[in-house]
Amino acid sequence: MSDYFDLSPLWISIETAAATIVIVFFLGVLAAWWVERLSSEIVKILVDGIFTLPMVLPPTVAGFFLLVVFGNNRIVGRFFIDNFGIQIAFNWIATVLAAGVISFPLMYRSARGALVQVDKGIMEAGRSLGMTEWRIFWRLHLPNALPGIIAGGLLAFARGLGEFGATAMLAGNIAGKTRTLPLAVYSAVAAGDFDSAGVYVLIIVTICLAVVIGLNYYQHYMKKRMEE
């Protein structure tokens, strides 16, 4: 290990995961609620498949599609550069976008599973009282599904923190700019610096383990609370 140990991948990863979960949390919950309200089962199955697809695709394939859309010389990427002066590809924004696309299905599936398990009688009671669907969602549906949604949010945060393939494709591996912890591990190993790679791995494992332990504690706490 060199005398100077670069901690920028840690801060970039934390900033990326934090920004990602804020976006993905709300999008995942709203997408799950919208899909559950679709009347056509065929449309519901199709949309669900599209939302879940990034979970089963190799991350590099998802990153390729993102690069095709948001590359600097592509239509969407060029639009943002010409009209807003914002470069998406090979920028920190790209790390958030890549992590968001990969972690969104996990948040969406967790939120949908939690929303489905809520007793439908509660919503029917709200409708009988004249509540709008939007108010039923915020006052009845969401609060009762919140434990499962929060659990999904924690897992999505950890997934965003560990994203590698799509990030490498869209954001690149630029030191101090887009190099996240997983990319730092890859770079250190490629350079033969196994000591630095080991430290980065230890950091990732510690954070992810803390998230999993926190999730288990939260679920245990909610279970005890429901039994009281």
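**Reading the model**

Analyst: Helices here are DSSP runs of H or I with at least four residues, numbered from the N terminus. The model is predicted, so local features need pLDDT of at least 70 and side-chain atom pairs pLDDT 80 or more, while totals for chains, interfaces and linings use all residues. Residues are numbered from 1 along each chain as its sequence is written, and side-chain values use heavy atoms, leaving out hydrogens and water.

User: Is Thr20 buried or exposed?

Analyst: Buried means under 20% relative accessible area, exposed over 50%, and partly exposed in between, with a 1.4 Å probe and protein chains only. Thr20 has 2% relative accessibility, so it counts as buried.

User: What does the side chain of Thr20 reach?

Analyst: A polar contact is a pair of N or O atoms within 3.5 Å; within protein, one must be able to donate a hydrogen and the other to accept it, and residues adjacent in sequence count only if both atoms are side-chain atoms. The side chain of Thr20 reaches the backbone oxygen of Thr16 at 2.6 Å. Plain contact means heavy atoms within 4.5 Å. Beyond its neighbours within four places in sequence, Thr20 is in contact with Val96, Ala99, Gly100 and Ser103.

User: How many residues does the largest nonpolar core have?

Analyst: In soluble globular proteins, nonpolar side chains tend to be buried together. A nonpolar core is a set of buried Ala, Val, Leu, Ile, Met, Phe, Trp, Tyr and Cys residues joined through side-chain atoms within 4.5 Å. The largest one has 25 residues, and Val29, Met107, Leu115 and Ile149 have the most contacts inside it. Helix 1, helix 5 and helix 7 each supply at least two residues of this core. Leaving out residues up to four places away in sequence, Ile149 touches Phe25, Val29, Met107, Ala111, Ala114, Leu115 and Leu142. A second, separate core has 11 residues, including Ala62 and Ala94.

User: What is the volume of the largest pocket?

Analyst: On a 1 Å grid over the protein atoms alone, a pocket is an open set of points with protein on both sides within 12 Å along at least five of seven lines; a cavity is a set where a 1.4 Å probe fits but cannot get out; lining residues have an atom within 4 Å of a point. Points join across faces, edges and corners, and a volume is the space filled by probe spheres set on them. The largest pocket has about 400 Å³. It is lined by 15 residues, with Gln117, Asn144, Ala145, Pro147 and Gly148 nearest its centre. Helix 7 gives the largest share of this lining, 6 residues.

User: Which classes make up the lining of the largest pocket?

Analyst: Ala, Val, Leu, Ile, Met, Phe, Trp, Tyr, Cys and Pro count as nonpolar; Asp, Glu, Lys and Arg as charged; the others, Gly among them, as polar. The lining of the largest pocket has 9 nonpolar, 6 polar and no charged residues. The second largest pocket has about 290 Å³.

User: What volume does the largest cavity have?

Analyst: About 40 Å³. Its lining has 2 nonpolar, 6 polar and 1 charged.
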